[in-house]
Amino acid sequence: MSLKLRKLGYQQSGSMLVMALFVLIVLTLLAGTMITIISGSSKSVVHEVYGLRAQQAAHAGIESLIRASFPAGSAAIACSVTENSSLSFATIEGFRNCTYSATCSSSDINFNSTDYRYYQYSSTGFCDTGDGIVSRTLYVDAMQEQLP
């Protein structure tokens, strides 16, 4: 007795292999795109964090100069100085690899027959991210009426 096998309309041999390969390629491309997006987002967050640290470093520079211009318990003094952060500044937790450069200038002016001392402060904070340097600059103006 001879047995005859007949094909039941399965003429698509190999098409599942092609479809599986296509799906695999599409999923690989999607995974690569997601990795790129997440990596870019991570770098953006790092840049923002170091930007905030640079801003706080600049703020520390301005505070240092204002403290020198307006000493507690004594009269305000004129200033014309540039101050750079000390070596110990970079050892403060959160400011590692950060520095600042701050300047102060003052001038005496007369407005409506009243003498004033006008102060201008600027400070730039720098933080090294390893991939580059992030900097932020702050400016503060102050005016004090001169006592006779």
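A search of the whole structure, which is a predicted model, finds two disulfides, a disulfide being taken as a pair of cysteine sulfur atoms within 2.5 Å. In the model, local features need pLDDT of at least 70 and side-chain atom pairs count only at pLDDT 80 or more, whereas totals for chains, interfaces and linings use all residues. Residues are numbered from 1 along each chain as its sequence is written, and side-chain values use heavy atoms, with hydrogens and water left out.

One of the disulfides is formed by C79 and C104, with their sulfur atoms 1.6 Å apart. The torsion about the S-S bond of C79 and C104 is about -45 degrees, so this disulfide is left-handed. The pair links distant parts of the chain, since C79 lies in the loop between helix 1 and strand 1 while C104 lies in strand 2, 25 residues apart; helices (H or I, at least four residues) and strands (E, at least two) are DSSP runs, numbered from the N terminus. Both cysteines are buried, C79 with a relative accessible area of 9% and C104 with one of 4%, where buried means under 20% relative accessible area, exposed over 50%, and partly exposed in between (1.4 Å probe, protein chains only).

A further disulfide joins C98 to C127, with an S to S distance of 2.0 Å. C98 lies in strand 2 and C127 in strand 3 (residues 114–128), so the pair ties together parts that are 29 residues apart in sequence. The torsion about the S-S bond of C98 and C127 is about 110 degrees, so this disulfide is right-handed. C98 and C127 are likewise buried. When the bonded cysteines of the protein chain are numbered in sequence order, the pairing reads 1-3, 2-4.

The protein chain contains one helix and four strands, and from the N terminus on these elements run α-β-β-β-β. The strands are arranged in an open sheet of four strands with the order 1-2-3-4 and antiparallel pairing, two strands being paired if DSSP finds at least two bridges between them. The edges of the sheet are formed by strand 1 (80–84) and strand 4 (133–145), each of which pairs on one side only. Neighbouring strands of this sheet are turned by 10 degrees against each other on average, direction ignored; the axes are lines fitted to C-alpha atoms, for helices over the stretch in contact, and angles run from 0 to 180 degrees between N-to-C directions. Strand 1 and strand 2 (residues 98–111) run antiparallel and are joined by five bridges, and at this pairing S80 stands opposite S105 in strand 2.

Helix 1 spans residues 15–69 and includes A58, a residue that is buried with a relative accessible area of 0%. Leaving aside its neighbours within four places in sequence, A58 is in contact with Y100, S123, T124, G125, R136 and L138, contact meaning heavy atoms within 4.5 Å.

Over the protein chain as a whole, 20% of the 148 residues count as buried. Among contacts between residues at least 6 apart in sequence, 56% join residues at least 24 apart. The accessible surface of the chain comes to about 11200 Å², of which 61% belongs to carbon and sulfur atoms; accessible areas come from the Shrake-Rupley method with a 1.4 Å probe, and for residues only the protein chains shown count as cover.

With a salt bridge defined as a side-chain nitrogen of Lys or Arg within 4 Å of a carboxyl oxygen of Asp or Glu, the count comes to two salt bridges. The side chains of D108 and R117 meet in one of them, at an N to O distance of 2.9 Å. In this pair D108 is exposed, with a relative accessible area of 55%, whereas R117 is buried, with a relative accessible area of 14%. A salt bridge is also found between the side chains of R96 and E93, at 3.5 Å from N to O. Here R96 is partly exposed, with a relative accessible area of 44%, and E93 counts as exposed at 65% relative accessibility.
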